[in-house]
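Keep the 3D view open as you read.

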Amino acid sequence: MTTKNRISAWEFFQSLGKTFMLPVALLAAMGILLGIGAAFTGGTTIEMFPFLGNSFLQGIFNFMIKISLVAFSFLPLMFAVAIPLGMARENKEIAAFAGLMGYIAMQLGTNFYLSETGLLKVVDTKMVMGIQSIDTGALGALICGVIVFFIHEKFQNVELPDAFSFFGGTRFVAIATVLIMSVVGLAVPMVWPFFAAGINKVGAAIHGAGPFGPFLFGAGERLLLPFGLHHILVATIRFTEAGGTYVTQAGETIHGALNIFYNQFAQGAEFVSPEATKFLSQGKMPTFMFGLGGAALAIYKSAYLENRKKIKGLLISAVVASAVGGITEPIEFIFLFIAPVLYVFHAIMTGLGFMVMGLLKVAIGNTDGNIIDFLVFGVFQGFWTKWFYVIPVGIIWFLIYYFVFKWYIVKYDIPTPGRDNSAQAQEAVDSGDIAGYTAKVMLEALGGKENIVSLDNCITRLRLVVKDASIIDVEAVKAAGAVNVVKLNDTNVQVIIGPKVQMLKKQLQKLM
C-alpha cells in the first residue's frame with residue numbers, strides 16, 4: 001500500500017470490529033426467525049393454542065426454522081466475505097468477491113495437503129463448501145478475510161505489461177487471492193493446532209473463573225465499547241472455542257457460545273443448557289431493559305425544571321433504542337465523557353448482570369439483550385428458560401442505576417443534558433431528538449470535505465479518518481445533532497449519532 005492509503009493499526013482494528021456487524025445482524029434476525037418457529041412448533045404451545053397445530057401453520061413455522069439455518073450453516077463464509085467488504089475503502093464489490101474466492105481456495109489448499117500427505121482420514125475434518133477440510137470456524141474465516149483485505153489493497157491498482165493488461169487492475173485481485181490463499185490453505189494443517197490451543201487456553205481461563213467468567217466478559221465488553229473494539233471480544237466468545245465447545249449427538253463439534261446455543265435450540269428445549277447462554281442475551285437484559293432506563297430517569301430528574309421538557313425526547317429515544325433495539329450508545333455516550341466514573345459503574349453493573357443471570361441458571365440466548373429477545377427466546381419458549389427471573393432482577397437494577405446516577409450527578413454537579421445552560425449546550429438541547437441533525441453544519445464542523453479521508457458507519461456511529469482531528473469543532477458537531485464526538489487519535493474520529501446514523505452518512509456523502 002502507498003503511504004496515502006496505508007491503514008494505521010488503530011484504524012485497522014476499528015474497521016475490523018465494524019465488519020462483524022453485517023453477518024451478526026443477519027445472524028440476530030435469523031435467530032429471531034428460529035425462535036418464533038421453535039416457539040410455535042413446541043408441544044406445550046400447541047396444547048395451549050390448538051389452532052396452531054394445523055398442518056399449514058406448522059409447515060410455515062418449520063419453514064421458518066429451516067430458512068433461519070442459512071446464517072448458522074454458512075457463518076464462516078459470511079465472515080470471509082464481510083471482512084474485506086467492510087474494510088476496503090474502494091472497489092468494495094471486488095473485495096467481497098475476492099473474499100469468497102479466497103475462502104474456497106483456502107479449503108482446496110488444505111484438502112490438497114491432507115490428501116497428498118495421507119492425513120485426510122487421520123485428521124478431524126469436515127465438509128466445508130463441499131470440500132473435505134479442517135474446520136477452522138469463524139476464526140479461520142476472519143484470518144482469511146483479513147489476508148484478502150491486504151491482498152485487495154496491494155493489488156487493486158496493479159499494472160501489468162500490455163500483453164497481460166486484461167488481467168490487471170481490479171481483475172488481478174481475485175487471481176492473486178486464489179493463488180495466495182491456496183498456499184495459505186497448505187499451511188493451515190501445520191499452524192492451526194497452535195491457534196486452536198491458544199484459544200482453548202483463553203476459553204479455559206474464562207470458564208475456569210466460574211461465575212466470575214461472565215462478569216469479566218460483560219464488564220470487559222462495556223469497557224471496550226468506547227474504543228469500538230468490543231466486537232472483537234464478543235466475536236471471540238460467540239464463535240470460537242473461547243466461548244465453549246459442544247459435541248452433538250451426531251458427533252459434530254460446535255465451537256462458540258452463540259453457535260452452541262443455536263444448535264441446541266434447534267434440537268429442542270431439552271437440549272439447551274444454561275452454560276450455553278451465560279455469555280448471551282440474558283446477561284444484558286437487567287442493564288439494557290431496566291438499568292439504563294433508571295439512568296435516563298435520573299438524568300431527567302437531575303435536569304433543571306425549565307429544561308426537562310427539552311431533553312425528554314432525547315432520553316426517551318435513547319431508552320427505546322436500548323430496551324427495544326439493544327442499542328445502548330445513544331444513552332451511554334451522554335454520560336461517558338462527562339462522568340467516566342458512572343461509566344465504570346455501568347460496566348461493573350453489566351458484568352454483574354451476566355453473573356447473576358448465570359447463577360440463576362436463566363437460559364435466554366441470542367445476541368441483543370432487548371425486549372424482543374426476552375419475549376421470543378424467553379417468554380414464548382416457556383418456563384424452562386426461567387425468564388421470570390429477569391423482571392425482579394431488572395427492577396433492582398433500575399432502582400440501583402436511578403439512585404446512584406441521581407446521587408452522583410447532583411453531588412458532583414455533572415453537566416448532563418438539562419444541567420448546562422451555556423448557549424451551545426442549549427442549542428444542542430433544543431435540537432431534541434438525535435434525529436434532528438443538520439448534515440451541512442456537521443460537515444463544516446468536521447473541517448469540511450477536504451478534511452475527511454474516509455467516512456463509514458457502524459450501528460450508531462460515524463467512523464471517520466480525517467487529515468487533522470484538532471480542527472474539528474466538537475460543540476458545533478454536537479449542536480448539529482450528535483450525541484458526542486470521540487477523537488481516538490490525530491486522524492481517527494467517531495461521531496455518536498444513534499440508530500439513524502446510516503441516513504446521516506448518506507446525506508454527508510451527497511454533500512461531499
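## The S5-S6 pair

Strand S6 (residues 461-466) runs antiparallel to S5, and five bridges join the two. Strands here are DSSP runs of type E with at least two residues, helices are H or I runs of at least four, and both are numbered from the N terminus; two strands pair if DSSP finds at least two bridges between them. Leu-455 has Leu-464 in S6 as its bridge partner.

This is a predicted model, where local features need pLDDT of at least 70 and side-chain atom pairs count only at pLDDT 80 or more, while totals for chains, interfaces and linings use all residues. Residues are numbered from 1 along each chain as its sequence is written, and side-chain values use heavy atoms, leaving out hydrogens and water.

## The whole sheet

S5 and S6 belong to an open sheet of four strands, ordered S5-S6-S8-S7 with antiparallel pairing. Its edge strands, each pairing on one side only, are S5 (452-457) and S7 (484-487).

## Two packed helices

Elsewhere, helix H6 (residues 92-116) packs with helix H7 (residues 137-155) at an angle of about 130°, their axes 9 Å apart. Axes are lines fitted to C-alpha atoms, for helices over the stretch in contact, and angles run from 0 to 180 degrees between N-to-C directions. H6 and H7 are therefore oblique to each other (under 35 degrees is roughly parallel, over 145 roughly antiparallel, 65 to 115 roughly perpendicular, and the rest oblique).
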